[in-house]
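Please consult the sequence and the structure shown below while reading.

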Amino acid sequence: MQRATVQSRCECQASLVAELDEQRLVVQAYARTPDGEQEHAPAHTMHPSEPRFDVGWQCGVCGRNVLRSFSADALVWTTRPEV
């Protein structure tokens with residue numbers, strides 16, 4: 001199974017991470033605090049089939065809604081074993 005990871009920063013400085021599947025849909029997402037703690041951060045993609053698509057998170061640290069754009073050409077795909 002192919003997976004790609006996108007990352008961004010929230011205004012509170014938490015790192016927002018989303019793992020995408022081959023259709024560029026979010027499989028899992030989380031926020032990492034500056035201290036290294038990991039919090040659940042719900043996320044979803046908008047217009048995943050477009051060359052430029054968006055990922056929206058709800059930061060698990062501060063609760064803000066964060067929207068970031070990504071280029072499909074910049075994604076790095078890795079093969080993960082299926083569970």
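The side chains of E11 and R68 form a salt bridge, with an N to O distance of 4.0 Å; a salt bridge is a side-chain nitrogen of Lys or Arg within 4 Å of a carboxyl oxygen of Asp or Glu. This pair links distant parts of the chain, 57 residues apart: E11 is in the loop between strand 1 and strand 2, and R68 is in strand 7 (residues 65-71). Helices (H or I, at least four residues) and strands (E, at least two) are DSSP runs, numbered from the N terminus.

The model is predicted, so local features need pLDDT of at least 70 and side-chain atom pairs count only at pLDDT 80 or more, whereas totals for chains, interfaces and linings use all residues. Residues are numbered from 1 along each chain as its sequence is written, and side-chain values use heavy atoms, with hydrogens and water left out.

R68 counts as partly exposed because its relative accessibility is 24%. The classes are buried (under 20% relative accessible area), exposed (over 50%) and partly exposed (in between), with a 1.4 Å probe and protein chains only.

By the salt-bridge rule, the count comes to two. The other pair is E19 and R3, with an N to O distance of 2.5 Å. Here too, distant parts of the chain are linked, since E19 lies in strand 2 (residues 15-20) and R3 in strand 1 (residues 2-9), 16 residues apart.

| Salt bridge | Distance, N to O |
|---|---|
| E11 and R68 | 4.0 Å |
| E19 and R3 | 2.5 Å |

Both E19 and R3 are buried; for E19, the relative accessible area is 11%. Beyond its neighbours within four places in sequence, E19 is in contact (heavy atoms within 4.5 Å) with residues including R3, A4, T5, L25 and R80.

Strand 2, which holds E19, belongs to an open sheet of five strands in the order 4-3-2-1-8, with antiparallel pairing. Two strands pair if DSSP finds at least two bridges between them. Strand 4 (38-40) and strand 8 are the edge strands, each pairing on one side only. Strand 2 and strand 3 (residues 26-32) pair in the antiparallel sense over six bridges, and V17 has Y30 in strand 3 as its bridge partner.

Where does D73 lie? D73 is in the loop between strand 7 and strand 8 (78-79). With a relative accessible area of 78%, D73 is exposed. The C-alpha atoms of D73 and C59 are separated by 26 Å, the two residues being 14 residues apart along the chain.
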